Amino acid sequence: MTKEELLSKLKIIITPYVQNQEGLKNLTENTDFIKDLEINSANLVDVVLDVEDEFDIEIDNEAMEKMLTVKASIEVIEHKLAVK
Amino acid sequence: MIGNDIVDLALSRTESNWKRKGWVQKIFTAIEQHYIFEADHPEIQVWKFWSMKEAVYKAHQRRFGHPPKYNPKDFNCTLGGEVMIDKCVYKTSTIITEKYIYSIAKASNIEYDTQIFDETLRMHPLLLQKIAENYKIDSSIVTIKKDGNGIPMVRIDQKAEDIPISITHHGQYSAFVIGLE
């Protein structure tokens with residue numbers, strides 16, 4: 001899966017939880033889920049669960065604690081797919 | 001050090017499905033899960049523990065200047081209100097109403113002032129006024145700005161001050177807490 005494909009899948013996953021739609025329009029690798037998209041911190045766990053379902057991977061605590069930005073999330077997904 | 005967190009219960013019901021498969025397991029320790037499922041009102045226990053964890057996260061992050069991290073499961077709540085993280089113990093107190101759940105966390109026996117608002121817009125000017133009263137200065141020279149880690153910092157006359165504060169918003173509710181010297 002290319003980075004672009006990953007990014008577009010991630011975008012679909014986070015969209016329902018985004019409160020700042022402007023941030024979604026300008027989505028980049030550096031986008032921060034809380035600061036830029038205003039995703040509620042209790043919904044970050046939904047993002048993690050949706051990522052697990054979509055990519056059929058398991059996200060442990062160590063990986064989950066990094067998943068606050070697009071870049072970190074893509075790195076976690078790439079890593080988990082690689083060791084699958 | 002001090003931290004706070006408020007949960008608007010009506011919003012939490014539309015925003016989150018805590019019964020979703022895996023949700024509770026990602027956030028809560030085995031012991032916390034036990035307390036949740038044994039509770040008379042599991043939903044209330046979920047959000048009580050959640051607000052305790054969030055309030056302690058803020059106090060702990062401010063105390064050590066940690067960068068943001070999503071590690072709710074590392075915060076170990078007890079039924080008595082203590083929360084353990086990285087060998088530190090915080091005391092929390094929680095107010096539960098039909099509308100919201102509000103927790104305050106502190107690292108020491110610090111005294112504090114806190115206020116809850118049901119209109120977010122009113123909070124900011126009142127918080128500035130409160131700080132001004134505590135330090136006997138004019139509120140026009142008090143500003144609050146988030147630092148690089150997203151922690152709100154008080155500035156008096158443009159100079160950063162070491163005043164512990166915490167701010168929380170959720171849905172219809174917001175609240176501040178200020179540590180008193």
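How many bridges pair strand β10 (residues 165-170) of chain B with strand β11 (residues 173-180) of chain B, and in which sense do the two run? Six bridges, in the antiparallel sense. That pair gets the opening view of this predicted model, and the other views follow.

**View 1. The β10(B)-β11(B) hairpin of chain B.** Here β10(B) and β11(B) form a hairpin with two residues between them. Look in the turn for B:Gly171, which has a positive phi of about 55 degrees. To get your bearings on the strands themselves, find B:His169, which stands opposite B:Ser174 in β11(B).

**View 2. An open sheet of three strands in chain B.** The strand order is β7-β8-β9, and the pairing is antiparallel. Out at the edges sit β7 (142-146) and β9 (159-160) of chain B, each of which pairs on one side only. Zoom in on β7(B) and strand β8 (residues 152-156) of chain B: five bridges join them. A handy landmark is B:Thr143, which stands opposite B:Arg155 in β8(B). As a reminder, strands of a sheet pair through backbone hydrogen bonds, either parallel or antiparallel.

**View 3. Helix α3 (residues 30-38) of chain B against α4(B).** The axes of these two helices come within 7 Å and cross at roughly 145 degrees. From α3(B), the contact uses B:Glu32, B:Tyr35, B:Ile36 and B:Phe37. Facing them from α4(B) are B:Pro42, B:Gln45, B:Val46 and B:Phe49. Sort the residues of this contact by type and you get six nonpolar, one polar and one charged.

**View 4. The annotated stretch of chain B, residues 2-66.** An unreviewed UniProt entry labels these residues "domain: 4'-phosphopantetheinyl transferase". Over this stretch the chain is 68% helix and 11% strand. Its end C-alpha atoms are 15 Å apart.

**View 5. Where chain B touches chain A.** On the chain B side, 15 residues are in contact with 14 residues of chain A. Both α2 (23-27) and α4 (42-64) of chain B supply at least two residues each to that side. The top contributor is α2(B), with three residues. By type, the chain B side divides into five nonpolar, four polar and six charged residues.

**View 6. Confidence along chain A.** Chain A averages a pLDDT of 96, and 100% of the residues score at least 70. Within chain A, helix α2 (residues 21-25) has the lowest confidence, at a mean of 94. Helix α3 (residues 44-55) of chain A has the highest, at 98.

Note on methods. Residues numbered from 1 in each chain as written. Chains lettered and ligands numbered in written order. Predicted model: local features only at pLDDT ≥ 70, side-chain atom pairs only at ≥ 80, totals over all residues. UniProt positions renumbered as here; feature names shortened; annotations may be inferred. Helix = DSSP H or I, 4+ residues; strand = E, 2+ residues; numbered from the N terminus. Contact = placed C-beta atoms within 7 Å. Nonpolar A, V, L, I, M, F, W, Y, C, P; charged D, E, K, R; others polar. Axes fitted to C-alpha atoms, helices over the stretch in contact; angles between N-to-C directions. Pairing = 2+ DSSP bridges. pLDDT = per-residue confidence, 0-100.
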